[in-house]
Amino acid sequence: MFERPAMPALKPTIFFGEIMLRLSPPNRELLLQSARLDVWVAGAEANVATGLARLDHPTRIVTALPDNPLGDAALQALRAHGVDIGLIQRQGERMGLYFVTPGAGLRATEVIYDRAHSSFADAPADSWDWDGILEGAGRLHLSGITPALGPNGTEAALAAAEAAARRGVPISFDGNWRGKLWERWDGKPRETLSKLVAQADILFGNHRDVALLLDRPISGDGADRRREAAEAAFTAFPRLRLMASTARHVEDSDRHRLSARIDTPERGFQTDEIMLSGIVDRIGAGDSFAVGVLHGLLEGMSLEDVARSGLALTALKHSLPGDASLFTRRDLAAFLEGGLDVRR
């Protein structure tokens with residue numbers, strides 16, 4: 001019997017993390033090959049909040065933005081998609097940036113971060129009144145990016161998780177390993193991430209994340225390795241009730257094969273692999289997968305349909321420029337029905 005993690009309907013999911021601006025050259029050019037950059041509001045937690053809001057679920061984001069036109073633009077973008085921005089603080093002097101040079105053919109996508117000393121990264125950990133923030137919340141969603149930003153992010157993420165656990169608010173955690181960020185300072189990623197996962201009932205991560213957390217290799221291959229990783233995670237972190245992951249095989253920048261998997265302590269389910277061709281933008285696909293999984297759980301779907309919902313939204317995201325899933329329930333239903341012809 002699939003024991004569904006607690007997902008109270010109509011209560012907002014709280015997202016805590018940095019909102020950034022993403023800048024990318026147009027038409028798959030190299031960075032600054034021409035004097036133009038496309039700009040999107042971005043950030044892992046903001047992406048999931050936006051995607052869930054587009055599916056008519058209440059979402060609320062907690063972050064810090066500078067009190068300037070860039071911060072104003074970010075607020076406007078989130079508000080336009082239905083995200084509650086009432087808990088966003090205006091402080092500090094800059095937004096974090098990151099530059100994405102999209103891949104093409106056999107050239108891989110490349111990411112450059114420029115987010116040191118952003119309003120969020122420099123916000124003191126005691127900036128957030130977690131007991132007040134979590135009042136009436138249905139869930140807290142965190143990712144491994146926030147602690148990777150530095151001591152303030154680590155302390156704040158741990159405080160958020162501890163407050164949620166104390167109040168009985170369930171926590172979903174996305175591993176989102178960012179080696180470039182952890183390398184910038186003398187943090188302790190294994191220790192910190194393990195403390196956060198220990199408080200969660202949902203983990204978005206795969207065998208590589210579990211190997212990092214447990215400091216040991218995961219044997220086997222394919223579905224067997226993923227099940228071994230899940231069982232190891234459930235043993236090490238007794239609060240976990242569900243682990244969600246994707247498996248991606250890259251043929252080139254335009255063609256990926258993708259499947260989705262959901263594991264519970266009792267059993268696992270993996271979808272068939274689908275081919276993604278003509279990829280427009282893969283950045284944010286993992287966040288869209290998280291949107292589909294959380295949506296499926298909120299809707300009371302079966303284990304199998306939760307996995308299919310996650311796969312559907314991550315597949316759709318590959319067709320859309322920018323970081324966030326902007327698809328509606330109608331779009332999701334049409335994809336799951338299999339109709340690829342023009343919808344008139």
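**Exercise 1.** Are Phe-204 and Phe-289 buried or exposed?

*Solution.* The model is predicted, with local features requiring pLDDT of at least 70 and side-chain atom pairs pLDDT 80 or more, while totals for chains, interfaces and linings use all residues. Residues are numbered from 1 along each chain as its sequence is written, and side-chain values use heavy atoms, without hydrogens and water.

Step 1. Buried means under 20% relative accessible area, exposed over 50%, and partly exposed in between (1.4 Å probe, protein chains only).

Step 2. Both Phe-204 and Phe-289 are buried.

**Exercise 2.** Classify the ring pairs Trp-182 with Trp-185 and Phe-204 with Phe-289.

*Solution.* Step 1. Rings of Phe, Tyr and Trp (its six-membered ring) pair if their centres lie within 6.5 Å; planes under 30 degrees apart count as stacked, over 60 as edge-to-face and the rest as tilted.

Step 2. A search of the whole structure finds eight aromatic pairs. One of them, Trp-182 with Trp-185, has centres 5.7 Å apart and planes at 20 degrees, and is stacked. Trp-182 is buried at 6% relative accessible area, whereas Trp-185 is partly exposed at 21%.

Step 3. For Phe-204 and Phe-289, 6.3 Å centre to centre and 85 degrees between the planes give an edge-to-face pair. Phe-204 belongs to strand 11 (residues 202-204) and Phe-289 to helix 10 (residues 285-298), so the pair ties together parts 85 residues apart in sequence. Helices (H or I, at least four residues) and strands (E, at least two) are DSSP runs, numbered from the N terminus.
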